[in-house]
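Look at the sequence and the model together.

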Amino acid sequence: MKYTQGKYIISRKTAIARDIYSFTIACPEVAEAAQPGQFVHIRANGFTLRRPISICGIDKAKGTLRIVFEIRGEGTAEIAKLNEGDLIDMLAPLGHGFTVNPEFKRVVLIGGGIGTPPMLPLAQSYGDKATAICGFRNASAVILQEDFRNSGAETILCTDDGSMGIHGFVTQPFTEIAGKENIDAVYACGPMPMLRGIAEICREKGIYCEISLEERMACGIGACLGCACKTKRNDEEYFAHVCKDGPVFNAEEVLW
Amino acid sequence: MADLSVNVCGVDFKNPIIPASGVFGYGREYEELFPLSALGGIATKGTTLHKRTGNLAPRIAETPSGMLNSVGLQNPGIDHFIESELPYLMTKNLVVLANIAGSTVEECIQVAEKLESTDAHMIELNISCPNVKQGGAAFGTSCEMAAEVTRQVRKVTTKPLVVKLSPNVTSITDIAKAVEDAGADAVSLINTLLGMRIDINTGRPVLRNNVGGMSGPAVFPIAVRMVWQVANAVNIPVIGMGGVSSGRDAIELMMAGASAVQVGAAIFTDPFAPVRIIDEMNDFLDSKGISSVKDIIGTVQPW
């Protein structure tokens, strides 16, 4: 099975910051197939389009997935109304995820805001080989820091207003690390300006970099061609699709 | 178990349900979920003479009970379709409606010519895409242009020719009659309705193309009305579509006069929608003791 659609029980729901929720979902066959960086496509009652949400945790032994999402509009607000014990309708797992290479000795994970959750499965895979740099608007928007610490990864926290951790953007500590250490790979998810900055630093330093993109999406499986993203393949411009070719792309392929 | 088979232009369908062009690609992605052989047919992604990259993103927006799209006919070109997609679909035991489009009459002719030597069962000529600047809707909104492109494509194909109509016109029955006179074997309708959304925080349209085609349950009553009007105006079969999301909707569209039904946006909400709709149609017919779905086509008794 590559992906399937079904209704699954929400076994745990927590509010982890203002308008940000964490669901743990009992879905053994989806958890079994899921890879870091993939996403689930969730039906919001009363809406035509599903909402793509990145996977924040994969527990194959327990048969659960964890998702963390922010209320961005009416669709995600509807999904946030679901409670423990309710059924959630998912088409999952979808998309092309991150490359996890056991040979890598040193990796940097960079998450900005609600782009942080998909970094957590990578932190759990790489453990103390990883440094997780997470950036948020302010202290009240900070999420998942304990989970990152529990993964064994080194954690660096930044806030835009300095109300917690380093006062500044994630690119500051990343530039320092990239200047003095040998890094095998960088993985990032967050706002486009952040991703572009990271991709530029990686290109200058010759560091392999994968980024996770988001786009308004319909089918979620590569059929409708709704979520186009300009990329370069074999030196030719190519409209890739975030749902199937991505959401994770080699940063070198993305045309900004 | 009711008999769900229908016949459109001499082509047998095991059931009347066809995923609409554009939502379903060339079928491969959905084969992961259910066998394509469960479907009556497939209307393949609109295909042009050469590869098209389509419009910039965002191409998709949610609307009340529906959605907008402005994909802009992104497709790999007719040669790729014939070499790599059609042979795969021909093994799936369903009717293939090869949906074609072009920016000029000449392009439509060339695409149809290339399909003539293939096994595709029917051609669905898209004269109504709202998302490309040239052609598309320009053909579909004038009786003269619609008739001209139909007449020219008719000359180069012996396959049943279905012409897909735009609802963005003053009188869809006039367009339908024009393409019937020009040699169309059937019409399919409705394509999407031109719509627009604006992000009031940024003052920018949600779609990068500014405007796009609206579909989903919100357009269903318009589809019923137009299918009914066209079915009463022409003597060729009508394939109905527009916001169908349940077996009851499909039955309703057939009562309005559709000989077969395409399913579009509903597939985004429920990827199993086409197969669910087939089951629901069967349940409805059984509950009414109707032995064949053919017996309901055009049976609405207007006041």
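A residue is buried if 20 or more other C-beta atoms lie within 10 Å of its own, exposed if 12 or fewer, and partly exposed in between, with C-beta atoms placed from the backbone. Helices (H or I, at least four residues) and strands (E, at least two) are DSSP runs, numbered from the N terminus. This is a predicted model: local features need pLDDT of at least 70, side-chain atom pairs count only at pLDDT 80 or more, and totals for chains, interfaces and linings use all residues. Residues are numbered from 1 along each chain as its sequence is written, while chains are lettered from A and ligands numbered from 1 in the order in which they are written.

Start with H8(B). Seven of its nine residues are buried, so this helix is mostly covered. Among them are Gly247(B), Ala250(B) and Ile251(B). What do the buried residues of H8(B) pack against? Their partners in chain B include H7, strand S3 (17-19) and helix H10 (273-288). Contact here means C-beta atoms, placed from the backbone, within 7 Å.

Now take H7 (residues 220-233) of chain B. Its axis and that of H8 (residues 247-255) of chain B come within 8 Å and cross at roughly 25°. Axes are lines fitted to C-alpha atoms, for helices over the stretch in contact, and angles run from 0 to 180 degrees between N-to-C directions. That makes H7(B) roughly parallel to H8(B) (angles under 35 degrees count as roughly parallel). Phe220(B), Ala223(B), Val224(B) and Val227(B) of H7(B) meet Asp249(B), Glu252(B) and Leu253(B) of H8(B).

Finally, turn to the chains. In chain B, 28 residues are in contact with 26 residues of chain A.

Note on methods:
Parallel < 35°, antiparallel > 145°, perpendicular 65-115°, else oblique. Contact = placed C-beta atoms within 7 Å.
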